[in-house]
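Trainee: I have a structure open and would like to learn how to read its features. Could you walk me through it?

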Amino acid sequence: MGRGRRVVTGHDENGKSVVIADGVPPQDHPMQGTAIGADFVEIWSTPEAVPALTSLPDGEPTARPFTIMPATGHLIRIIDIYPPSMGGQRTVMHRTRTLDYAVVIEGEIVLVLSDSEVVLGPGEVVVQRGTDHAWENRTDKLTRIAFFHVAGEFSDELLAKLPQPLELME
């Protein structure tokens, strides 16, 4: 996959808006090019629920150990999910403690839920709310999805309905 271009803005010493980074986001995690049939490309993340908007970021946010989901704050990444002909396979059913917005950029993907499946195409969006799910590319072409993950907490009302112990993908 081409990692794509990321433009990051900031402020100079006079408060004027400037470009502080322009290019391929650096990647320092083991998920890219692995045998799981998907490539994860980190774009940006912050550990804060409400990010501080500063003149310059405090370092490169992709320069951290890889995690599937943020423990706090938010994370945006692009994931390329390969078809079976390119080594792709259905993900395991999993649940995360996050609110996720998944926007299909290209291709087609099947969202597998406990009781149903939903086929999604370019421009379509899933609002994933801590539900048990899997993803599967059943086509012969790559599927690219932008994921925006926001750390969340399960309500007491929902926790009472979920199987215990609660198994989460972190």
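Mentor: Gladly! Let's begin with a definition: a residue is buried under 20% relative accessible area, exposed over 50%, and partly exposed in between. Please keep in mind that this is a predicted model.

Trainee: Let me try that on a residue. Is Glu157 buried, partly exposed or exposed?

Mentor: Glu157 has a relative accessibility of 48%, so it counts as partly exposed. Its salt-bridge partner is Lys161, with the closest N and O atoms 2.7 Å apart. Lys161 is exposed, because its relative accessible area is 61%.

Trainee: Which residues do salt bridges with shared partners join into one network?

Mentor: Asp80, Glu106 and Arg144 are joined that way.

Trainee: How many salt bridges does the model have?

Mentor: The count comes to eight. One of them joins the side chains of Asp22 and Arg5, at 2.7 Å from N to O. This pair links distant parts of the chain: Asp22 belongs to strand 2 (residues 17-23), while Arg5 is in the segment before strand 1 (6-11), 17 residues apart. Asp22 is partly exposed, because its relative accessibility is 46%, and Arg5 is exposed, with a relative accessible area of 64%.

Trainee: What about Arg77 and Glu42: are they buried or exposed?

Mentor: Arg77 is buried, with a relative accessible area of 0%, and Glu42 is buried too, at 2%. Their side chains meet in a salt bridge of 2.9 Å, N to O. Arg77 lies in strand 4 and Glu42 in strand 3, so this pair ties together parts that are 35 residues apart in sequence.

Trainee: Now the strands. How should I read their pairing?

Mentor: The idea is that two strands pair if DSSP finds at least two bridges between them. Here, strand 4 (residues 74-81) and strand 10 (residues 143-151) run antiparallel and are joined by eight bridges. Strand 10 also pairs with strand 5, in the antiparallel sense and over eight bridges. Within that strand, Ile145 is the bridge partner of Val104.

Trainee: And what is the general idea behind a nonpolar core?

Mentor: In soluble globular proteins, nonpolar side chains tend to be buried together. In this model the largest nonpolar core has 16 residues, and those with the most contacts inside it are Ile81, Ile109, Leu120, Trp135 and Ile145. The elements giving two or more residues to this core are strand 3 (38-46), strand 4, strand 5, strand 6 (109-113) and strand 10.

Trainee: Which residues does Trp135 touch, not counting those up to four places away in sequence?

Mentor: Its contacts include Ile81, Ile109 and Leu120, and among the others are Gln89, Arg90, His94 and Phe147.

Notes:
Residues are numbered from 1 along each chain as its sequence is written. This is a predicted model: local features need pLDDT of at least 70, side-chain atom pairs count only at pLDDT 80 or more; totals for chains, interfaces and linings use all residues. Side-chain values use heavy atoms; hydrogens and water are left out. Helices (H or I, at least four residues) and strands (E, at least two) are DSSP runs, numbered from the N terminus. A nonpolar core is a set of buried Ala, Val, Leu, Ile, Met, Phe, Trp, Tyr and Cys residues joined through side-chain atoms within 4.5 Å. Buried means under 20% relative accessible area, exposed over 50%, partly exposed in between (1.4 Å probe, protein chains only). Contact means heavy atoms within 4.5 Å. A salt bridge is a side-chain nitrogen of Lys or Arg within 4 Å of a carboxyl oxygen of Asp or Glu.
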